[in-house]
Amino acid sequence: MAPAAVPQQSNILHRVLADKPHHAVSSSGINIHLANLHNVIDAAGGASVAVLGHTQPSVIEALTKQMTDISYVYSGAGYSSNSAEELASLILSEKPGGLCKAIFVCSGSEAMECALKLARQYHCERGDMKRIHYISRKNSYHGNTLGALGVSGHPGRRAIYEDMLSKNVSFVEPCYVYRGKKEGEDDKAYLERLTAGIEEEFQRVGADKVAAFVAETVSGASLGCATAVSGYFKAVREVCNKYGALMILDEVMCGMGKTGTLHAWQQEGITGPDIQTVAKALGGGFVPIGGVLMNQKVVDALASGTGILQHGHTYQAHPGACAAAAEVQKIIKRDNLMQNVMEQGKLLEKLLKETVLPLKIVGDVRGRGLYWGVELVSDKETKRPFDRGMAVSSKVGASAMALGLGVLPTPGAGSEAPVDILIVSPPYVVTEQDVRSIVGILKAAIEDITRTLE
Ligand code: PLP
């Protein structure tokens, strides 16, 4: 087969202006085929999105059927559609953690904007107008729109927009065992220190001013799949309850099955957040879609107040997007893919720890289910990071790409922690052979770049 024709001149403003994009033309299963005939195993599902791979005929059928029946209705004018209702009931019929209503939007950032505004509206409806402050965590990422960026503790991403971001946000230490835990400190002492830090921040700000505490259940792009120590989210829940603040969990990246349960918080010993955001794995990349889930407490505040959701978007609950996402969720259930996430996740963990962790520039391997981060360091003993700007993970990512593997480098330039991480989050349909190939190529790519650093 001859290489596909690629336009000589691109009119798209690509992220790295000087780079030529990888021009994708087709796919099969979890593989992306490029115009130059190069094949790439999509071992991060792009940005941890394509959880069913790229070819699922029934998703296309569901999308086509909905678009044939009715392509668009405006939720702001009071419309709903079969697919929006179906998607909501697929996720919420069992009321996980008391979550009972959904708002569907088009992306993770939009979901975060909506969650922040919903928390504010919750308090206003109850006459608690003072609650305007959000407590988030350092080294966090919650999206690139101004509200979502405002609660993101990532100086690099915020830098030139700082003056445009809300001043009613403050940041506490994240739960980041690899670098956050002190020498000789056990999990219990670490947890107590973190919890005390959250308490202190509520007191400093004025507990009656806090609208919500915001955190990712498993920190993705910011801290490379860093899981919390046992009891952390229980402690967060207790502090929020004590001070009347809402708990918002951002599961845009870690949620909808990646960690082996549909919601990552289901492994944290809590009943659930008040508000939760989801996106990437919700639609599996077939359509742009995100969602905000909330519990009865939040719904009741609105219902017994103005009775009107103050937030809204033109494409909210888009019928086509909801139809495709509903089919993605049905496939995950039908094919018992959570089982595969757990099984292949165990193998992925084993192989990463056996073959990648011992490598000279790998400091830590962490994660859960099919959601793993590999942190690169220049000195394993001291955990000394690579100099800022070296972006070693990007170099490993490029080497892996040349070898036919797509992973997600997050070089963290400008974040507070000197994180240089590769995320490996293969689709839920991954096979044992895929996992072995992924780890084998990743190891070769890391070794390849290690040689250039010597
Ligand atoms: N929240 C988290 C935890 C994310 O990882 C991301 C994106 O990576 C977002 C929010 C923003 O999502 P989107 O890029 O779909 O706007």
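**The sheet and its surroundings**

Modeller: Seven strands make up an open sheet with mixed pairing, and their order is β4-β10-β9-β8-β7-β5-β6. At its edges stand β4 (99–105) and β6 (169–172); each has a single partner strand, so one side of each is left without a neighbour in the sheet. From one strand to the next the twist averages 20 degrees. All of this is read from a predicted model.

Strand β7 (residues 210–216) and strand β8 (residues 246–251) run parallel and are joined by five bridges. Within this pairing, Ala 215 has Leu 249 of β8 as its bridge partner.

Helices come next. α4 packs on the sheet, where it touches β4, β5 (133–137), β7, β8, β9 (275–278) and β10 (290–295). The direction of α4 makes about 25 degrees with that of β10. Helix α11 (residues 296–303) lies across β4, β9 and β10, and runs at about 85 degrees to β10.

Helix α4 (residues 108–125) supplies three residues of the shell around the ligand, the largest share. In total, 15 residues surround the ligand, and the closest are Gly 108, Ser 109, Gly 143, Val 252 and Met 253. By type, the shell around the ligand holds seven nonpolar, six polar and two charged residues.

The sheet is one part of a chain with 15 helices and 15 strands. The radius of gyration of the protein chain is 22 Å, close to the 22 Å that the globule rule gives for 454 residues, so the chain is as compact as a globular protein of that length. Its C-alpha atoms fill a box of roughly 60 × 60 × 40 Å along the principal axes. Of the 454 residues, 49% are buried. Among contacts with a separation of 6 or more, 74% are between residues 24 or more positions apart.

Another helix, α14 (residues 392–402), shows some of that burial: its buried residues are Val 392, Ser 393, Lys 395, Val 396, Gly 397 and Ala 400. The cover over the buried residues of α14 includes β12 (371–376), β13 (405–406), β14 (408–410), β15 (421–424) and α15 (432–453). After α14 comes Gly 404, with a positive phi near 95 degrees.

How values were computed:
Residues are numbered from 1 along each chain as its sequence is written. This is a predicted model: local features need pLDDT of at least 70, side-chain atom pairs count only at pLDDT 80 or more; totals for chains, interfaces and linings use all residues. A residue is near a molecule or strand if its C-beta atom, placed from the backbone, lies within 6 Å of it. Helices (H or I, at least four residues) and strands (E, at least two) are DSSP runs, numbered from the N terminus. Ala, Val, Leu, Ile, Met, Phe, Trp, Tyr, Cys and Pro count as nonpolar, Asp, Glu, Lys and Arg as charged, and the others, Gly among them, as polar. The radius of gyration is taken over C-alpha atoms; the globule rule is 2.2 Å times the number of residues to the power 0.38. A residue is buried if 20 or more other C-beta atoms lie within 10 Å of its own, exposed if 12 or fewer, and partly exposed in between; C-beta atoms are placed from the backbone. Two residues are in contact if their C-beta atoms, placed from the backbone, lie within 7 Å. Two strands pair if DSSP finds at least two bridges between them. Axes are lines fitted to C-alpha atoms, for helices over the stretch in contact, and angles run from 0 to 180 degrees between N-to-C directions.
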